[in-house]
Every structure is written in structure tokens, then in C-alpha cells.
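My notes are below, in the order in which I looked.

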Amino acid sequence: MDKIITAIISLILSANTYTFVYTQGRREGIEQTTIITEDIVQKTPEEKIFPTKTVIRNSTPTSSSWWSYPSDIKKVSRSGDDFLVLVNKEYQLPSTYVPTDLVSICSNVTNLRCVNNTNFLIRSILISDLQEMVNAATQDGIDLSVRSAYRSYSTQQTTYNYWLSVNGGNVGATDQISARPGHSQHQLGTAIDFSSTEINDGLGGTFANTQASKWLANNAWKYGFVISYPADYESVTGYSYESWHYRYIGKANTQDMINSGMILELYLRSKN
Ligand SMILES: [Zn+2]
């Protein structure tokens, strides 16, 4: 009889233990999910477009020169017209590459302001998706403006030299924020630097705190635009976080990229 009672008691105890462990496990699981979600929302709003995917991350810059260029510069492997061409610090566009379908952004897209009425150019192939995105933003009460779009090879030369002089000739500091000629996505005619009235159409880090920035981070992908240089990926992209810089790769490619769980830089490397 004692043995039977002991057996029943141990059965009850083990069942309780199981329940406890199970509950504990679930609770820990839930807490962990919450922490991860908060982390993504607060630290890197751009990553909200990949909520269920783990992106390959090189979070601890192993070298002190993530911004530097490799010694062996290669020519791009796809045509500049190709939405998936990889242009970065390693792959350079030819100085002669100019998109053949450049048009004025603000003459072709309504409710999008071009700062200082500058005649920014962009490839006509993305105009309808851009208009669709601007319409959706406007409907959500978001103001968007354009600070920069297509940049020719020679403009990149001027821009790089400008930042080089601002940085007192410091090449390393300049390479963190400005692309050398032929290395800028802006030469593709598919990259746009956005701003908003929220920061008086300024360009730079303050854009990250705007509603416009949050809106783009959450919605731009639906229209084929993706952020090129997300936060915390300096060692992967070679650039500081640019909340304002978006590149168009088309709706289908964007969806494919999101499914892959990769940021743009890694997605394009996988295609080039
Ligand atoms: Zn840019």
C-alpha cells in the first residue's frame, strides 16, 4: 500500500514538475519574443520590414576600417540599367554610364516636393511606383520631399571632393559618408534621398526621428524601394546609417529580398 501511495505521489510530483517547466518555458519564450520586438522597433525601425527573419549580421566590426575601399576595385558585373546591379565600395560603375530614361521627378510626380525647386532626375521606369508610394504617404498625412536623386559621375567627383575638404582631407572620414566617383548608387538614377517638412527639408541623421522616416521604413518596400544603408550594418555596407537613402529595385525584387531575410547589400551580393 505504501508503495502504491509513493508511486501516486511521485506521479503527481513529476506531473507538476512537467507543468512548471512547460509554463516556464512558454513564459520565457514569450518574454524573449517581446524583448526582440522592442529591440527592433526602438533601435532599428527599418528592420520592421523583416520582423520574422534573421538577417546575417556582422554586428561587431572586426576591423577598424569598415568604411575603407578594397585595393582591388572591380567593374560592376551587371548593366547599370539592371535593378539588381551591385554598386558598392568594391564594384564601380563605368564613368560613362548614364541611364537613358532620366526624367524630372517633380514634373512627373505630384505631392512630392523637390527641395529648392531643384530639377532632380530619376529613371522614368520607376515613376509610377514612386507616385503610388507618395499617394499612400499623403493619404497617411506624411510629407515627403526630395533632397537628391540622380548624380552623374562628375557630380560624384565634385561631391566627394567637397566632403573631403570639409573633413580637412581626411579620406577615412570622407569615405564613411560619401561615395567615391562611380561607387554611388545615385549614378543609377534609382536612388533617392528623402526629407520632410518635419526637419525643414534638411538632410542627415535627424531624418531618422521623423514620421516620414518611420513611414518609409514600414511602407517603402511595398512600392519597390528599400533602404540601402540600415543602422548597425556599417561593417556590411561600408556606410553609416542613412535613414533617408532609398534605392528602387522593383516590387518583385523587393518581395524576393524580404523573403530572403537579407538587407539590400547582401541580397545584391547574392545576385552578382
Ligand atoms: Zn543618397
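This is a predicted model: local features need pLDDT of at least 70, side-chain atom pairs count only at pLDDT 80 or more; totals for chains, interfaces and linings use all residues.

Because 5 of the 5 residues of β7 are buried, I noted the strand as largely enclosed by the rest of the structure.

Residues are numbered from 1 along each chain as its sequence is written. Strands (E, at least two residues) and helices (H or I, at least four) are DSSP runs, numbered from the N terminus.

Next I traced the sheet, which is open and has 5 strands in the order β4-β6-β7-β9-β8, with mixed pairing. I took two strands as paired if DSSP finds at least two bridges between them. The edge strands, each pairing on one side only, are β4 (113-114) and β8 (225-227).

I then went through the pairings. Strands β6 (residues 145-148) and β7 (residues 191-195) run antiparallel and are joined by 3 bridges; Val146 stands opposite Phe194, and Ser145 has Ser195 as its bridge partner. On to β9: β7 pairs with β9 over 3 bridges, again in the antiparallel sense, and there Asp193 stands opposite His245. Strands β8 and β9 are likewise antiparallel and joined by 3 bridges, with Val226 partnered by Arg247.

In β9 (residues 245-248) I checked which way the side chains go: His245 and Arg247 point one way, Tyr246 and Tyr248 point the other way, and all are buried. I kept in mind that in a regular strand the side chains alternate between the two faces of the sheet.

Is Ser148 buried or exposed? Ser148 lies in strand β6, and it counts as buried because it has 20 C-beta neighbours inside 10 Å. Leaving out residues up to four places away in sequence, I found Ser148 touching Phe120, His186 and Asp193, where contact means C-beta atoms, placed from the backbone, within 7 Å. The C-alpha atoms of Ser148 and Ile192 are separated by 5.8 Å, although the two residues are 44 apart along the chain.

For contrast I looked up Ser79, in the loop between β1 (74-75) and β2 (91-92). Ser79 counts as exposed because it has 10 C-beta neighbours inside 10 Å. Its C-alpha is 8.9 Å from that of Tyr97, 18 residues away in sequence.

Last, I noted that helix α4 (residues 153-166) is followed by Gly168, whose phi is positive, near 60 degrees.

Definitions and conventions
A residue is buried if 20 or more other C-beta atoms lie within 10 Å of its own, exposed if 12 or fewer, and partly exposed in between; C-beta atoms are placed from the backbone. Two residues are in contact if their C-beta atoms, placed from the backbone, lie within 7 Å.
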